[in-house]
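Biologist: I would like to learn how to read a few local features in a model. Please give me the general idea, then the case at hand.

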Amino acid sequence: LVAPFVIPFNCTLVAMSASSESASSWSAEVHIANTLVPGANLIISASDTAYADKNISFLAGTRIQLYCNGVNIPFPRINMFLHRDS
């Protein structure tokens, strides 16, 4: 896990994408307080990319962590696409 970042506004996670330098099997995960947020993961199976739509709400002030759940994943990258709630 990496140090968390703080969400500055109420928002919705609308999509996730992940990639690595070569085909691998792993899971990109969003955690709060070292716990996986239900539905906020992306499974990558023997591929170098994956993406999926999501619909998960977060409140302002939530401390988010991104986690690469796998072994020897070459240069993993996880992207979250957030929509600011009105």
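Predicted model: local features only at pLDDT ≥ 70, side-chain atom pairs only at ≥ 80, totals over all residues.

Modeller: Residues are numbered from 1 along each chain as its sequence is written, and side-chain values use heavy atoms, with hydrogens and water left out.

Biologist: Is Glu-29 buried or exposed?

Modeller: Start with the cut-offs. Buried means under 20% relative accessible area, exposed over 50%, and partly exposed in between, with a 1.4 Å probe and protein chains only. Glu-29 is buried, because its relative accessibility is 7%. Glu-29 sits in strand E2, residues 11–32. Strands (E, at least two residues) and helices (H or I, at least four) are DSSP runs, numbered from the N terminus.

Biologist: Which side chains make polar contacts with the side chain of Glu-29?

Modeller: A polar contact is a pair of N or O atoms within 3.5 Å; within protein, one must be able to donate a hydrogen and the other to accept it, and residues adjacent in sequence count only if both atoms are side-chain atoms. Here, Asn-69 is joined at 3.0 Å, and Ser-27 at 3.4 Å. Tyr-67 is 38 residues from Glu-29 in sequence, yet their C-alpha atoms are 5.0 Å apart.

Biologist: How far is Lys-54 from the nearest side chain of opposite charge?

Modeller: Lys and Arg count as positive, Asp and Glu as negative; His and the chain ends are not counted. A salt bridge needs a side-chain nitrogen of Lys or Arg within 4 Å of a carboxyl oxygen of Asp or Glu. Lys-54 is buried but has no salt bridge, and the nearest such side chain, Asp-53, is 9.2 Å away. The Lys-54 side chain does reach the backbone oxygen of Gly-39, at 3.1 Å. Lys-54 belongs to strand E3, residues 35–58.

Biologist: How many disulfides are in the whole structure?

Modeller: A disulfide is a covalent bond between the sulfur atoms of two cysteines. The test is a pair of cysteine sulfur atoms within 2.5 Å. The search finds 0. Cys-11 is buried at 0% relative accessible area, while Cys-68 is partly exposed at 26%.

Biologist: Where do Asn-34 and Phe-75 lie?

Modeller: Asn-34 is in the loop between E2 and E3. Its phi is near 65°, positive in a residue other than glycine. Asn-34 is exposed, at 52%. Phe-75 is in the loop between strand E4 (63–69) and strand E5 (77–84). Phi of Phe-75 is positive too, near 50°. Phe-75 is exposed, at 63%.
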